[in-house]
Structures are given as structure tokens and as C-alpha cells.
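Please read these notes with the model open beside you. Find each residue as it comes up.

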Amino acid sequence: MQEEKYLTVSQLNRYIKYKLDQDNNLTNVFLKGEISNFKAHTRGHLYFTLKDESSRMNAVMFLTNAKRLTFTPTDGMKVMVTGKVSVYEATGGYQIYVDNMIEDGVGNLYIEFEKLKKKLANEGLFDTNKKKTIPKFPKRVGVVTASTGAAIRDILTTIKRRWPITEVILFPSLVQGVSAAPDIVRQIKTAETYEIDTLIIGRGGGSIEDLWCFNDEEVARTIYACKIPIISGVGHEIDFTIADFVADLRAPTPTAAAELAVPNKSDFDTFIRQIKLRLTKNLKNKIHIEQTKLKHLTSSFILTNPTSLFLLKEEKFDFLFERMKNAYQKKLENKKENLERMKNSYVLKNPHCLYKDKKVAFHYLLKELSKEIQSLEKNKSNHYLQLLGKLETLNPLLTIKRGYTITKKEGKVISSCKSVKKDDILELEFKDGTITSKVL
């Protein structure tokens with residue numbers, strides 16, 4: 001029984017891992033320090049230690065996150081990381097599982113980036129169900145970027161190569177520096193005054209400071225509120241900005257944004273050829289099917305022997321005519337039989353018997369009615385005598401005949417002496433007359 005109180009090492013490590021994983025404060029940790037004991041595994045995972053002047057912690061960055069790094073970590077490098085703190089059960093050591101890592105020099109900008117990203121995400125600006133659909137065949141595409149540089153040249157070249165019938169309108173804007181964000185906002189609002197199907201916003205690659213105008217809150221809200229579907233193409237494939245999350249579609253580069261904005265002419269030509277082949281094949285199949293039907297009809301018995309249809313109908317007509325004729329004759333015979341029965345009936349031959357039967361029944365009913373009337377008169381007479389007896393019993397005049405009187409005041413019967421006062425004139429009614437008196 002005492003052994004049940006003891007845990008295995010695995011059970012304890014699993015419990016500690018569970019507690020750490022449930023702690024919200026440890027699911028998204030911002031940590032900075034110096035890299036030591038750095039090791040890049042052959043599978044692409046990174047293992048290292050983060051340390052400061054007095055402490056250290058093991059860290060792991062798996063391949064899926066390590067591929068986004070824009071620099072090569074080395075021992076002695078100061079970095080800032082974000083990740084989740086948990087326990088590696090096999091050794092019982094706790095460590096941080098790194099999602100993102102940047103050099104310490106741009107740490108403040110990264111923190112601002114994460115704060116704004118979380119704020120806008122909570123407001124729903126990144127929701128996929130609110131994003132607009134990019135038109136497949138745009139007539140006019142707008143581009144907000146610098147008027148000079150590789151980005152606009154790549155966009156124009158790509159659109160001309162892929163879909164040359166699309167018109168491109170450039171809205172030149174600053175894409176770097178303090179004044180870039182207000183300029184981008186202004187050009188997006190200007191683009192909304194044009195009849196544009198799709199709007200591309202972006203620039204070529206650069207450092208996080210160079211791309212910072214695309215992390216501006218006002219730029220993000222303007223992109224979200226824009227009525228035109230927007231494709232963002234900022235920096236290189238590994239670069240992510242707030243504009244990418246807010247835009248209706250994110251492209252890894254400006255060139256890729258142009259490819260997403262218009263269809264590929266060669267692909268479209270191939271698609272048209274495929275449709276043409278499928279349509280031709282379907283038409284041939286349809287024609288073959290209809291020809292087969294036509295051949296079957298032209299060789300059918302009815303078309304090769306049209307008189308047979310008439311003969312069949314004529315035979316059916318004769319059959320129906322015979323049925324109708326037989327039914328009519330049978331109906332006529334039934335009517336004749338009914339007529340003969342009526343002519344030979346006892347009533348028609350002896351009509352007076354009907355009167356005689358009715359006369360006997362009339363006298364019987366008359367006799368019964370007389371009995372009912374006499375019985376009713378007798379009942380009513382008895383009921384009348386009963387009511388008359390009750391009325392005589394309740395007649396006040398009989399009371400007067402026995403020596404009582406009825407006293408009235410102003411025509412109303414007095415039943416109490418309290419109803420009489422001095423000098424009142426009273427009427428005393430006897431059986432043989434009335435006397436008037438005065439109260440003294």
C-alpha cells in the first residue's frame with residue numbers, strides 16, 4: 001500500500017510538462033540573451049543555449065521556423081526570441097521552443113510589430129472571411145510603389161508578358177523612410193477614385209527598418225478599408241509585414257504579386273485549346289448519337305410501313321365501336337325491361353288501391369291525433385286546477401275574510417310601525433270596505 005504513493009520519474013516529468021503547458025504566461029515568452037553551444041542538426045533543427053550574465057536556458061528551433069531566419073546564428077551572437085517554455089520529458093529539463101528569432105539590434109521594432117499584429121488580429125482585420133476576391137481577368141491594375149526601382153519594372157514586365165491586354169496605372173509613392181507611410185495611405189485613397197479591378201502594394205527587399213512603413217497602423221487600416229481588392233508584395237519570400245496580413249492576398253515578392261494579379265496568357269491559351277478539344281469531342285459524340293437515333297427511326301417498322309399504323313388504329317376503332325354498340329343495346333334492353341315491369345305493376349293496374357291504403361292510414365292517424373289532443377287537454381286542465389289552488393292559498397283577500405286588515409300608506413303596504421309617524425294618513429282595508437285614519 002505504501003508503494004502507491006510513489007511516482008515514476010516519467011509520471012512526474014509528464015505532470016510538470018502539463019502544468020507548464022497550461023500556464024498562459026509561458027505559451028508566448030519574449031526572451032533575449034547570448035547564443036552559446038550552437039548546433040545545427042543535419043535535419044535542419046537548431047539546438048543552442050541562451051544565457052546572460054548569471055543564468056542560462058536550453059533552446060530548440062525546429063526546421064519549419066528556422067527556414068524563416070534571414071541570418072545565420074552563431075555562438076556569442078545576441079538575439080531576441082519568442083516561443084513557448086515546456087519540459088522535455090526524456091531528460092526532465094525545461095527549455096524554450098523558439099518560433100521566431102531576430103538579432104538584438106532590431107528588437108524594439110520587432111516588439112512593436114508583434115503588439116500591432118496582435119491588436120489588429122483581435123479587431124478582426126486579418127479574418128479570411130472578410131477578404132475580397134481577386135478578379136481573374138482584370139482590365140485595369142493599379143500599383144502603389146516607387147516610380148523607380150526593380151519592383152515596378154518587374155511588375156510591368158510580368159503583367160505585359162502574362163496578360164498584355166491589362167492596363168497598368170502607377171501611383172508613385174515613397175516606400176521607405178518617415179514620410180513613406182502617409183504617402184502610401186494617400187496613394188491608396190487616390191487609387192480608389194479610379195476604376196481599378198486590382199491594386200498591388202509593395203516594394204523590393206530590404207532590412208526590417210527599410211520595410212517598416214508597411215507595418216504602420218494607418219497603412220494597415222487604409223488597406224483594410226479599401227474597396228479595391230489588394231495584393232501585397234513586400235520584400236522577399238521570408239519577409240512578413242502587417243500589410244501582408246491585412247491585404248486580401250499576400251505575395252512573397254512584387255513579381256509574384258503581378259503573377260497573382262493577372263492570368264497567364266499561355267495557360268489561358270492552353271485552357272482554351274482544351275475547352276475547344278472537349279467541345280469538339282462532345283459535339284462529335286452528340287452528332288453520332290443523333291445520327292444513330294435518326295438511322296434507327298428511319299429503319300423503324302412504322303416509318304417503313306406507315307399504313308400499318310393506320311390499320312392498327314382501324315382495328316382498335318372497330319373493337320371499341322363493337323363494345324359501344326353492345327353496351328348501348330344492353331342498356332336499351334334494360335330500359336325496355338324496366339318499362340314492361342312498370343306497365344305490369346299492381347299499382348298502375350289498380351290505382352284505387354293506393355288511395356284506399358292512404359285513406360285507411362289517414363283515418364288511423366286522425367284517430368291517434370284526437371287521442372293525443374284529449375290527453376293533452378286533460379293534463380293542462382289538471383295543471384290549471386293545481387295552479388288555481390296554489391293561487392287561492394296565497395290570496396291576501398282570504399286573510400282579510402278571517403278578520404285581518406291590510407294597512408297602506410300612500411298606496412303602499414306597511415309592514416312595520418317604524419314606517420309610520422304622527423299625522424300620517426293610513427288606509428285600513430277590510431273584507432267589505434276601506435277606512436281612512438290619522439295617526440295621533
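1. Ground rules. This is a predicted model, in which local features need pLDDT of at least 70, side-chain atom pairs count only at pLDDT 80 or more, and totals for chains, interfaces and linings use all residues. Residues are numbered from 1 along each chain as its sequence is written, and side-chain values use heavy atoms, with hydrogens and water left out.

2. The barrel. Start with the closed barrel of 5 strands, in the order β1-β2-β3-β5-β4. Its pairing is mixed. Strands here are DSSP runs of E with at least two residues, and helices are runs of H or I with at least four, numbered from the N terminus. Two strands pair if DSSP finds at least two bridges between them. Strands of a sheet pair through backbone hydrogen bonds, either parallel or antiparallel. On average, neighbouring strands of this sheet are turned by 55° against each other, direction ignored. Axes are lines fitted to C-alpha atoms, for helices over the stretch in contact, and angles run from 0 to 180 degrees between N-to-C directions.

3. Strand β1 and its partners. Which way do β1 and β2 run? They run antiparallel, joined by 5 bridges. β2 covers residues 46-51. Ile 35 has Leu 50 in β2 as its bridge partner.

4. Helix α1 (residues 9-22) lies across β4 and β5. Contact means heavy atoms within 4.5 Å. The helix runs at about 130° to β4.

5. Salt bridges. Side chains of opposite charge can pair when their charged atoms come close. The rule used is a side-chain nitrogen of Lys or Arg within 4 Å of a carboxyl oxygen of Asp or Glu. By this rule the count is 13. One of the salt bridges joins Glu 89 and Arg 14, with their closest N and O atoms 3.6 Å apart. Glu 89 sits in the loop between β4 and β5 and Arg 14 in helix α1, so the pair ties together parts that are 75 residues apart in sequence.

6. β11 (residues 406-409) and β13 (residues 425-430) are joined by 3 bridges. Lys 408 stands opposite Glu 427, and Thr 407 has Leu 428 as its bridge partner. β13 is joined to β14 by 6 bridges. Leu 428 stands opposite Ile 435 in β14.

7. The largest pocket. A pocket is found on a 1 Å grid over the protein atoms alone: an open set of points where a 1.4 Å probe fits, with protein on both sides within 12 Å along at least five of seven lines; lining residues have an atom within 4 Å of a point. Grid points are joined across faces, edges and corners, and a volume is the space filled by probe spheres set on the points. The volume of the largest pocket is about 670 Å³. Of its 27 lining residues, the closest to the centre are Ile 102, Tyr 110, Ile 208, Ile 238 and Phe 240. β5 (93-103) and α3 (107-122) are the elements that give two or more residues to the lining. The largest share, 5 residues, comes from β5.

8. The second largest pocket. Here the space is about 160 Å³. Its lining includes Lys 32, Glu 34, Lys 51 and Asp 104. β1 gives the largest share of the lining, 3 residues.
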